[in-house]
Structures are given as C-alpha cells and as structure tokens.
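Could you walk me through this model in the viewer? I would like to know what to select and what I will find there.

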Amino acid sequence: MDLKAYKNVYVFAEQRDGVIQPVAYELLGKARELADDLGEKVVALLLGHQVREKAASLVEMGADEVIVADSPELKDYLTEQYAQVLYQIITANKPNIVLYGATTIGRDLAPRLASRLRTGLTADCTRLEIAEKENEPGEKEFRMTRPAFGGNLMATIICPNNRPQMSTVRPGVMQKREKETGRKGTVTDFQPQFDRSKFKVKLIGKVKNNAANADITAAKVLVSGGRGVHDKAGFDKLQGLADCLGGMVASSRAMVDAGVMDHAYQVGQTGKTVRPDLYVACGISGAIQHLAGMEESGYIVAINKDKFAPIFSVADLGIVGDLHKIVPMLTERLKKEMAE
C-alpha cells in the first residue's frame with residue numbers, strides 16, 4: 001500500500017430525515033484541526049435523497065469540499081446501500097483519515113467499511129491528534145485515544161500500515177467550530193453504482209420512540225440522578241428542578257439498568273457524553289465510567305450523602321446531604337426568586 005497516495009481528512013456527515021446531525025458538525029471542527037496540521041483538505045461525505053442543498057452548511061462549518069451522493073436508495077439508512085456508496089467513494093478518492101459519529105448509524109456502518117477496505121477502526125475515541133513520530137523527526141502520525149479496561153486506562157492507537165485511518169467519536173466529545181457564513185467550498189456530485197443483488201433488507205416502516213429522540217447532549221442544563229434517587233418518584237423531584245432551570249433530566253447507568261430510566265437519558269461511557277453549561281449530579285457516586293461522560297461540563301454541582309463520594313473530586317460545588325430534601329428546597333427557592 002502506497003501510504004503517500006492517501007490524502008485529506010474525510011467526515012461522514014450523518015443526516016436523518018434530511019437533517020444534518022450535530023455530531024457531523026462536531027467532527028468537522030476536529031477534522032479542520034487535523035487537516036491544518038497535515039496541510040490537507042477537509043472533505044464531508046453527504047449521503048441521502050434530496051439533500052444537496054444541505055452541503056452549504058457543511059462548508060460553513062469547516063469543509064473544503066462536500067461529496068454528495070443523492071439517490072432514492074439512500075433516503076433512509078440501510079446498511080448495505082450506504083456501505084456500497086461509501087466504499088466506492090473511499091476507494092476512488094483515497095482519503096488519509098475518515099471520521100464517523102459513534103451513533104447507532106456510525107457504529108453499524110464504520111466496522112463494515114473497515115472490513116471491506118481491509119483497514120483498522122478505533123471506536124469511541126475521546127481524543128484525536130496529529131503528532132510527530134518517535135525517532136522520525138519531521139514525520140507525522142495520526143493518534144487515536146480511547147478508554148480501555150472499563151475506563152481505567154486510556155489507550156492511544158495508531159494505524160501505521162493501512163489506509164484510510166478510521167475512527168468513531170461519540171456525540172458531544174468534540175467541539176463545533178463557529179459558523180463561517182458565506183464560506184466558499186466545492187460541492188461534487190457522486191453517482192453511485194448499486195449492486196442490488198446484495199440488498200437483503202427492506203424498510204417496511206418507521207416508528208419513532210420519543211425517549212430515543214431525547215437529545216440530552218444538546219441541553220444547556222442537566223439534572224442527573226443516580227442510585228440515590230431510588231425510583232420514578234425521585235426523578236419527578238429532579239424533573240421539577242430541571243423544569244425550573246430550563247433543562248433536562250439525565251441518569252446514571254444504575255437507574256437505566258434498574259429500569260427506572262430509558263437508555264436515551266444515560267450519561268457515561270456506555271451512554272452519552274454531555275457538555276452542558278450546568279450539570280447537577282444527584283445521588284451519583286461518580287464512578288470513572290460516569291465521569292467520562294460529563295467531566296467536561298461547564299459547572300458541576302454534586303449532591304450526595306457520602307462526603308467521600310468520587311463525584312466531589314470533579315464538582316465545582318458540593319452539597320453533602322439528602323437529595324430528597326435538598327432538591328425540593330432548592331426548586332422552591334429558585335421558583336420564589338424567579339417570581340420576585
């Protein structure tokens with residue numbers, strides 16, 4: 001494999017029902033940094049039906065070029081159709097790096113492409129960087145860092161012998177760039193060639209789950225509950241505080257495993273990574289797996305009966321006490337102040 005033939009940083013710009021997903025803009029921000037370090041271009045890959053007009057927003061958020069595959073077969077996400085098109089684009093253009101969101105779509109698509117392209121894939125990365133190779137001054141390499149061993153160790157992975165170098169990144173981990181209105185870029189149309197004999201799955205219909213659509217990653221304020229909340233009645237108290245603050249309720253894995261909260265609201269290594277302006281952790285001990293999903297929050301308030309709980313190590317403000325008494329009191333106090 002001639003590694004020098006592979007150039008540019010590509011981003012799979014995930015869209016659903018014609019709406020570009022926030023993770024695509026987050027990845028463009030990181031791709032811009034990586035490409036600038038390498039002296040290469042950022043290319044966004046936009047697949048769908050009647051989505052070409054969305055290409056301009058990708059350019060404004062950092063892409064130098066947008067490759068658009070617009071076809072009725074791509075209207076809804078189906079693994080084989082999308083995998084065939086991306087495989088054709090990647091083999092034709094030879095990108096150096098390809099980034100995907102670690103969403104249900106990205107986690108389904110990226111491994112299949114890695115297999116077809118005979119290259120590696122690093123999943124759920126928390127850090128991506130271009131660094132100088134050890135013992136080779138002037139030579140650069142792409143380093144992908146992800147949690148390992150249950151979050152107790154951070155592993156930095158390289159892919160020295162195969163291209164493209166591919167990774168998935170969870171929504172909320174990377175920062176978006178500021179929108180550059182009027183920024184100019186190239187939009188290239190790609191005409192896919194489908195092998196319909198391999199289409200084994202047909203979409204019969206779609207049923208939307210409101211809980212699954214809850215996007216806690218977009219919330220500016222999160223009131224999150226752990227094992228100390230106990231039950232649904234406890235989360236009703238948290239909901240009252242969240243409503244007062246104009247935010248949303250979230251949960252630790254313990255409450256999801258107990259069946260009290262839906263997985264869509266879970267924060268942590270096996271849930272979602274969030275970065276709100278205010279994160280109120282109620283009855284959450286602060287296991288490293290949970291901290292990995294929220295420690296980049298702007299301001300963290302922790303309420304816990306155990307003064308030695310690890311959550312206090314990352315909190316800006318800690319309150320030692322019973323959340324079932326403190327949360328209702330705090331809610332009433334805030335309502336009173338807002339009314340005055």
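Predicted model: local features only at pLDDT ≥ 70, side-chain atom pairs only at ≥ 80, totals over all residues.

Residues are numbered from 1 along each chain as its sequence is written, and side-chain values use heavy atoms, with hydrogens and water left out.

**Stop 1: the cores**

Select L28, L58, V66, L99, L128 and F142, which touch the most other members of the largest nonpolar core, a group of 34 residues. A nonpolar core here is a set of buried Ala, Val, Leu, Ile, Met, Phe, Trp, Tyr and Cys residues joined through side-chain atoms within 4.5 Å. Buried means under 20% relative accessible area, exposed over 50%, and partly exposed in between, with a 1.4 Å probe and protein chains only.

Now colour the elements that each supply at least two residues of this core, including α1 (22-38), β5 (65-70) and β9 (140-148). Helices (H or I, at least four residues) and strands (E, at least two) are DSSP runs, numbered from the N terminus. The largest share, eight residues, comes from α1.

Next, centre on F142. Beyond its neighbours within four places in sequence, F142 is in contact with L34, I97, L99, L128, E129, I130, I157, I158, Q165 and S167, where contact means heavy atoms within 4.5 Å. Another core of 25 residues lies apart from the largest one; select Y10, V43, V85 and F194 among its members.

**Stop 2: the salt bridges**

The structure holds 20 salt bridges, each a side-chain nitrogen of Lys or Arg within 4 Å of a carboxyl oxygen of Asp or Glu.

Show K206 and D17, whose side chains meet in a salt bridge at 2.9 Å, N to O. These partners sit 189 residues apart, K206 in the loop between β12 (186-189) and β13 (221-225) and D17 in the loop between β2 (15-16) and β3 (19-20). K206 is partly exposed at 47% relative accessible area, and D17 is partly exposed at 48%.

Move on to D124 and R107, with their closest N and O atoms 2.9 Å apart in a salt bridge. D124 belongs to strand β7 (residues 121-125) and R107 to helix α4 (residues 104-117). D124 is buried at 19%, while R107 is partly exposed at 41%.

Finally, select R32, D36, D64, R177, E180 and R183 together: salt bridges link them in a network.
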